[in-house]
Amino acid sequence: MRAQFVMSEIGVGLRRNLTMTFAVIISVALSLALFGGSLLMRDQVSQMKGYWYDKVNVSIYLCNKSDAENSETGSKACARGAVSPEQKQQIEADLKKMDLVQTVHYESADEAYKHYKERFGHTALASVVTPDQMPESFRVKLKQPEKYQVITTAFAGRDGVQSVEDQHRELDNLFQMLNYLNWAALGIMLIMLVVALLLIVNTVRVSAFSRRRETGIMRLVGASSFYIQVPFIMEAAFAGLIGAVFACVMLGAGQYFVIDHGASLRTKMELINFIGWDSVLTKLPLVLAIGVLMPSLAAFMALRKYLKV
């Protein structure tokens, strides 16, 4: 097979169907950009989980006199009175015995009041809150943060314990929302992918129809079906490759301008550990491969099913 003939046929096909080829390129670029963005979002969520789960604690709040006095109108957990020194020591000892626990930090009522004033001192409620109303607590750091429910099960409802609060629940809600957004992006990507495949099929059919005389002559002189199909498949692969390159450019531009460069998210949101270029670069070969293989396969199936060349 002469490469010059194949390349000339590809050029002819692209020129004759320029607008449809352009539509294929845009559709492939957008669908692959969404696909790559979804993969990067999954990496981002995993990295954020590892980063934040390692930093958050499980807090065990202890009953104080105010809780015990208001147990009839409020929570029933402190109906048996404020936590005693013996109960406090037993809770701390039980925590330190657990293999899951890495560190245990005790926060007194005075420390809790100080932290409250630092965070909410500007509010009207802060002026009426007194140190004796603040609960003592144990802040527990876990070796395996995803198993925080073990602490809740072991200490919730215990005498002297007002409540067990794990910050992981708030993070779980955040990560669940991010996962929903990721699935939404994948859904849009699938719709764009279907649109791109339909455009590829129609482009190949129109291109083959416009060159039916040439393909008929080639069949008469004994050319094989594969020899006739190659230019059409290469046209689709070339358009897909250009679309994949645009998708890679969009992913790289998003990482550079949105995450890294200037007044970007990395500088504005320092508490979030964003993914780096290593995650982006590992996705680009996959995007390019799909950009070439998907249109090629669609063109091949279209030729076999509809055109019978």
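**Exercise 1.** Which residues of α4 are buried, and on which side of the helix do they lie?

*Solution.* The buried residues (under 20% relative accessible area, 1.4 Å probe, protein chains only) of α4 are Ile91, Asp94 and Leu95. Their arc, taken from the directions from the helix axis to the C-beta atoms, is only 100°, so they lie on the same side of α4. On the face turned away from this buried side are the exposed residues (over 50%) Pro85, Glu86, Gln89, Lys96 and Lys97. The cover over the buried residues includes β1, β2 (101–107), β3 (137–142), α6 (149–155) and β4 (161–166). Helices (H or I, at least four residues) and strands (E, at least two) are DSSP runs numbered from the N terminus.

The model is predicted: local features need pLDDT of at least 70, side-chain atom pairs count only at pLDDT 80 or more, and totals for chains, interfaces and linings use all residues. Residues are numbered from 1 along each chain as its sequence is written, and side-chain values use heavy atoms, with hydrogens and water left out.

**Exercise 2.** Find the disulfide and describe its setting.

*Solution.* A search of the whole structure finds one disulfide (cysteine sulfur atoms within 2.5 Å). This disulfide joins cysteine 63 to cysteine 78, with S to S 2.0 Å. Cysteine 63 sits in the loop between β1 (58–62) and α3 (65–69), and cysteine 78 in the loop between α3 and α4 (85–97). The link is left-handed, with -80° about the S-S bond. Both cysteine 63 and cysteine 78 are buried.

Terms used: Contact means heavy atoms within 4.5 Å.
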